[in-house]
Amino acid sequence: AAAFNVVKWAGAAYLAFIGVRAILTAGRTSSATAAEPEALRTSSVFWTGFLTNVLNPKVAVFFLAFLPQFVSAGSPHAPLGFAVLGLIFIAIGLIWLVVLTFVAARSAAAISGRLKSWLERALGAAFIVLAAKLALAERP
């Protein structure tokens, strides 16, 4: 119970801090963000994403819990079935993330300064609301 309360209050404080900082800095551009962002190598971005997914235990748990439902245990080609389903999942995820990246890049460039400022304030308020909800949460 004590560990739950410590994590709960630390998480609530951190969310509130992020929310307040987002509201207070909304619309401001620092000299670091005003300058042209440093270009990243495509291979560096790829390997960062790849390692993030490979080392994420939730991905392995998902595959171990979800895919066996669709492959017959007695089938002599069960490993092939797992491989095909995994590749289909990877292909769908790749297509979705590529589309999401293009849409995000286009929309980020199209957002005006005033709208961006209001979006940052709304995001800050959302973090504060989440902090309050977490602070008021009961132990499950």
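1. Contact here means heavy atoms within 4.5 Å. Leaving aside neighbours within four places in sequence, S117 is in contact with A26 and G27.

2. This is a predicted model, in which local features need pLDDT of at least 70 and side-chain atom pairs count only at pLDDT 80 or more, while totals for chains, interfaces and linings use all residues. Residues are numbered from 1 along each chain as its sequence is written, and side-chain values use heavy atoms, with hydrogens and water left out.

3. Now the setting of S117. It sits in helix α6, residues 113-135. Helices are DSSP runs (H or I, at least four residues), numbered from the N terminus. S117 counts as buried because its relative accessibility is 8%. The cut-offs are under 20% relative accessible area for buried, over 50% for exposed, and partly exposed in between (1.4 Å probe, protein chains only).

4. S117 also has a polar partner. Its side chain and that of R121 are joined by a polar contact of 3.0 Å. Such a contact is a pair of N or O atoms within 3.5 Å; within protein, one must be able to donate a hydrogen and the other to accept it, and residues adjacent in sequence count only if both atoms are side-chain atoms. An α-helix has 3.6 residues a turn, so residues three or four places apart point the same way.

5. Look at α6 as a whole. Its buried residues are S117, G124, A131 and A135. The cover over them includes α1 (2-24). The length of α6 checks out, because its 23 residues should span 33 Å at 1.5 Å a residue, and its end C-alpha atoms are 33 Å apart. The expected span is 1.5 Å times one less than the number of residues.

6. Turn to helix α3, residues 42-54, where F46 lies. F50 is partly exposed because its relative accessibility is 38%. The C-alpha atoms of F50 and A122 are separated by 32 Å, and the two are 72 residues apart along the chain.

7. Helix α4 (residues 57-66) holds F63. Not counting residues up to four places away in sequence, F63 touches P68, G86 and F89. Its C-alpha atom is separated from that of A126 by 32 Å.

8. L85 is found in helix α5, residues 78-110. It counts as partly exposed because its relative accessible area is 25%. Setting aside neighbours within four places in sequence, L85 is in contact with L67, F70 and V71. The C-alpha atoms of L85 and S107, 22 residues apart along the chain, are separated by 33 Å.

Key
Helix = DSSP H or I, 4+ residues; strand = E, 2+ residues; numbered from the N terminus.
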